[in-house]
Amino acid sequence: MNRIFMLILCMLLCHGVIAQNTFRAKVISDQTKTILKGATVTIPNLKIAVSADTSGLIIIPNIPNGKFEIDVTYVGFSKSEKVYSFPQKNPDQTIEIALEPSTGELAEVAVQTTRTNQSLRDIPTRIEALASEELDEKSTMRPGDIKMMLGETTGIHVQQTSVVSGSSSFRIQGLDSRYTQLLQDGMPLYSGFSGNLSLLQISPLDLKQVEFIKGSASTLYGGGAIAGLVNLISKVPEKTPELTFLLNGTTAKGGDASGYYSRKWQHIGTTIFGAYNYNGAYDPSNTGLSAIPQIKRFTINPKIYLYMDEDNSGWIGVNTTYENRLGGDMQVIDGKADNIHQYFERNKTFRFSTQLSFTHKIDEESRINFKNTIGYFDRQLSEAGFNFKGKQISSFSELNYVRNGEKATWVAGANLITDNFTATPPQSSLNYNLTTLGAFVQNTYKANNWFSLESGLRLDDNTPPPNKPANGLFILPRINALFKLTSYLTSRIGGGFGYKMPTLFNDQSEQDGYQNIKPLNTGNTQAEQSYGLNGDLNYRSALGSGAFISINQLFFYTKVDRPLILQNNTFINAQGYLTTQGTETNIKLAMDELVFYLGYTYTNTKQHFSGLTTTQPLTPKNQLSFDATYEIEGSFRFGAESFYTGSQLLSDGTTGRDYVTFGLLVQKMWKHLDIFINAENLTDQRQTKWGSIYTGSITNPNFGDIYAPLDGIVVNAGIRIKLLN
């Protein structure tokens, strides 16, 4: 009996010895092929962490049989995360792990806007993205909204449409805001009636990243994406729970209090975001009118995530926002109106929307996705002697199929979009309904290691249809190509068609406060149709130990036929077309903890109407930005930035002057606490310093174009408390 027991014990011990495996790897730079000595390799499930030796070699013994994720990190390089199976087919082989330089271009981050969750570097469509690190910085500079975040992005210009209430739109590559779609998690966020308030009602605290497509994105997203789109990607629950509070105050009488909580269990997770934003009426120039209105806003956005099994997951969310925004004569805002001081502009808004997303995994390569959002927006715009109130109910539903193959990726699907606007009397003649049914297919083919081609086609049918030639039916082809010329140099080139159905919501009608606007007859109005091309060159390289440079040069051109304009309070199709062309240059230099960024945009937008060619107003040809940041990760951040905005033609034929703004940010971080102070527009550039912003009397002011800041120097300071992280 003892001999049998000893034999069994020896067999178990031998099996245990046989079950131990050794992992051998060498860590190098993907571009320069140099050895990355000191790189850290971890196996989280086994709680093992080792460093590469002077030859870049890693040896980890005693790994049991099974599948384990092995992570490789090195300062200045993107993290590698890969699952390895043990025992290996070639156990004595030394695996070569190549890390890419981390130049801030999200080389290894999956983007969601294309629906394929592919790496940014492998997508032929040109997509730009702000990562969580950059959003962390932006959220301390302007915690209450995303106006600054978009305005500081190359190729995007934020245009204020109301002098006293601060409503603003954003323009991509010189085109009106109605040509740009604003999405959150791939679903439309705001419809037309709320478009010029949207930037001011979104806080960045619960965002994970922001993705931009500049140029037509109509194949997947339909009408309205002529200039491009902005997709706000929300945070999702992680294994580690998060509870963050942010408190902020400004010298412009503003205050923000927001909180974010997330947690993930085995089969369920949640995120909850809530905020209260306040601003007192602020008049730094003593004009008697508010440069910043009085604002009171509440936001609550809870989501529930379900992880049913390995093949089925989804989430459902609710967004509720209430805002009371009052601008105008400071005496009226203070409740001291009299026979002279009567002018005001009030926006009362309430937004309620639901979001639903579900994914079924068919196999390792294929999945089916369903998305739906229903939005309700109630807005009352009041001025002295005028009141405009309306409700907009919109919906978006989509079912798509995605297959990520080794050589080809397919996306195919259909979506239904509805839009219903109802105005209260006496403006009820402005009511409208619009339904769009669309189908699309897109293929990305990786021909070889240096060339990929993406082609797509969309078919949309709109009811009620606009006037000829389209009659509501639009065919939208699109093609993009990616060339990996060398390990340092890549290029993208592409183009596509787009369209925009006629509606009464644009920058011009918003600026006029919808007063005296005549009804829009869709059947007698043509849709706007576009044709666009863009191409770029990207250079990325290491300059030495811990130093990297990236350069991106973009060229763009878009033509819009029969643009919709407001003439004598009537919407008509202009007799002609609109063109915009230009370049964007982005240069980023990283040297260990120090990063420099330079961005330049040249935009030349022309109106070719009735045989005459003129420059489009409120479109600066030249914009330049410079940013320098010194950061010790998790400990300290210092940033300095400067922006130049060139002169621009105004609507009255005069020219608005150019100006330069300057800002500073200091942030100290601990494990559970951040303290920050940020100063904007330290050069105190204000349009009110260069002349009056209105003509007529203070009782009934007639405002001109706003092309420069009105609020002057603004300093904000606050704390971010991270109770769980």
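**Exercise 1.** In which loop does P426 lie? Determine also the geometry of the peptide bond from P425 to P426 in this predicted model.

*Solution.* Step 1: locate the residue. P426 belongs to the loop between β23 (408-423) and β24 (432-446). Step 2: examine the bond from P425 to P426. Its omega is near 10°, and the bond is cis. Most peptide bonds are trans.

**Exercise 2.** Where is P464 placed, and what is omega for the peptide bond from T463 to P464?

*Solution.* Step 1: P464 is found in the loop between β25 (451-463) and β26 (473-484). Step 2: the peptide bond from T463 to P464 has omega near -5° and is cis.

**Exercise 3.** Find the strand that holds N62, describe its phi, and decide whether N62 is buried or exposed.

*Solution.* Step 1: N62 sits in strand β4, residues 57-63. Step 2: phi of N62 is near 60°, which is positive in a residue other than glycine. Most residues other than glycine have a negative phi. Step 3: the relative accessibility of N62 is 53%. Exposed means over 50%, so N62 counts as exposed.

**Exercise 4.** Which loop contains S610, what is its phi, and is S610 buried or exposed?

*Solution.* Step 1: the loop between β33 (594-609) and β34 (612-615) contains S610. Step 2: S610 is not a glycine, yet its phi is positive, at about 50°. Step 3: because its relative accessibility is 58%, S610 counts as exposed.

How values were computed:
Residues numbered from 1 in each chain as written. Predicted model: local features only at pLDDT ≥ 70, side-chain atom pairs only at ≥ 80, totals over all residues. Heavy atoms only, no water. Helix = DSSP H or I, 4+ residues; strand = E, 2+ residues; numbered from the N terminus. Buried < 20%, exposed > 50% of the residue type's maximum accessible area, 1.4 Å probe, protein only.
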